Amino acid sequence: MATTTATVSISSSDLQPGNTLSINASSTIMQTGLTTGLELMDMGIGHLRQDSARDALAEATGTIDTTNWVYICNNATDDTFFIKVGIHETVIGNLGAGDWMWMPWNMGHADNEINIEAEPTGATIPYEYAIFKSTDTLPASDAA
Amino acid sequence: MALIPTLILKDSTTFSDEINFSVTDSLTVAAPAQSLSTIACATAGANSIIVPASASGCYLFVRHTGNLSNVVLVENTDDSQFANLKTGEFMFLPHLSGSLGVQVQSAAAVVIEYAYWTI
């Protein structure tokens with residue numbers, strides 16, 4: 001069985017005087033039902049160009065209401081470059097240079113694609129990503 | 001003020017090559033910030049707003065504590081859902097959606113942990 005473990009730690013020594021922040025959490029990512037791990041994974045790197053507008057990082061090609069996880073990291077070194085991240089028409093947030101995000105992705109229905117867009121004008125942003133999925137449906141072949 | 005988040009993903013059972021990577025970051029954050037807190041989800045998201053409306057955006061951490069097995073829906077405050085959390089799962093992301101805040105809801109009173117830091 002696939003056993004993928006995600007661990008996050010968030011710390012700060014100067015956020016609150018006299019109170020060091022140290023958050024730690026870990027979970028094994030599972031398919032719906034909490035017994036089977038996620039066995040499908042896409043992982044890669046790319047360059048996102050601002051002039052290509054909003055691009056789909058991944059289409060919602062799996063079964064609706066299943067568990068899927070997304071990691072995206074903006075590897076830009078120019079701190080004015082950021083990636084706008086959304087799910088279809090829902091804007092989630094802006095990923096700044098060097099920033100990463102980890103979140104579940106409910107495919108929900110067919111138009112719940114994850115989309116990313118480079119900003120500002122003229123930006124080309126290197127990024128990396130990993131998507132762990134419960135299910136996937138391969139696109140139909142165009143061959144006659 | 002600096003916030004240091006680190007994510008580690010490990011898997012040695014699924015593929016013939018082990019997945020094992022770590023990414024960290026140093027984030028500059030500002031007030032207002034909400035220290036690690038808990039809330040029992042209401043059945044209507046409008047009654048469980050965890051990040052107030054702001055044009056600044058924030059880094060957000062949310063974790064399902066597992067006191068109940070119901071799924072937690074994470075939404076913008078216009079009710080547009082963008083994530084589901086099951087028992088024990090967590091998420092960390094930058095949030096900025098116009099000037100909308102973030103709310104959670106569940107069919108039962110699931111307790112979540114959350115914290116946010118203004119960008």
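Leaving out residues up to four places away in sequence, B:Ile50 touches B:Ile39, B:Val102, B:Gln103, B:Val104 and B:Tyr114; two residues are in contact if their C-beta atoms, placed from the backbone, lie within 7 Å. Before going further, keep in mind that this is a predicted model, where local features need pLDDT of at least 70, side-chain atom pairs count only at pLDDT 80 or more, and totals for chains, interfaces and linings use all residues. As for names, residues are numbered from 1 along each chain as its sequence is written, while chains are lettered from A and ligands numbered from 1 in the order in which they are written.

Back to B:Ile50, which lies in strand β5 of chain B. Strands (E, at least two residues) and helices (H or I, at least four) are DSSP runs, numbered from the N terminus. B:Ile50 is buried because 21 other C-beta atoms lie within 10 Å; a residue is buried at 20 or more such neighbours within 10 Å of its own C-beta, exposed at 12 or fewer and partly exposed in between, with C-beta atoms placed from the backbone. B:Ala115 is 65 residues away from B:Ile50 in sequence, yet their C-alpha atoms are 8.3 Å apart.

Now slide back to B:Asn47, in the loop between β4 (30-40) and β5 (49-51) of chain B. Is B:Asn47 buried or exposed? It's exposed, because it has 12 other C-beta atoms within 10 Å. B:Asn47 and B:Val104 are 57 residues apart in sequence, with 8.4 Å from C-alpha to C-alpha.

B:Val104 also turns up around B:Val74, whose contacts, not counting residues up to four places away in sequence, are B:Val62, B:Phe82, B:Ala83, B:Leu85, B:Val102 and B:Val104. B:Val74 is among the residues that touch the most other members of the largest nonpolar core, which has 64 residues; the others are A:Ile83, A:Met101, B:Leu60, B:Val62, B:Val72 and B:Met91. A nonpolar core here is a set of buried Ala, Val, Leu, Ile, Met, Phe, Trp, Tyr and Cys residues joined through C-beta atoms within 7 Å.

Over to chain A, then. Its secondary structure comes to 10 strands and zero helices. The C-alpha trace spans about 65 × 45 × 25 Å along its principal axes, and 36% of the 144 residues are buried. Of the contacts in chain A with a separation of 6 or more, 73% join residues 24 or more positions apart.

One open sheet of chain A has four strands in the order β4-β9-β6-β7, with antiparallel pairing. β4 (55-58) and β7 are its edge strands, each pairing on one side only. Strands count as paired if DSSP finds at least two bridges between them; β4(A) and β9(A) (residues 114-119) have three, in the antiparallel sense. There, A:Ala58 stands opposite A:Ile114.

Finally, how do the chains meet? The contact takes 39 residues from chain A and 40 residues from chain B. On the chain A side, β1(A) gives the largest share, 11 residues. β1(A) also pairs with strand β1 (residues 2-11) of chain B, antiparallel over eight bridges, and A:Ser9 stands opposite B:Thr6 in β1(B).
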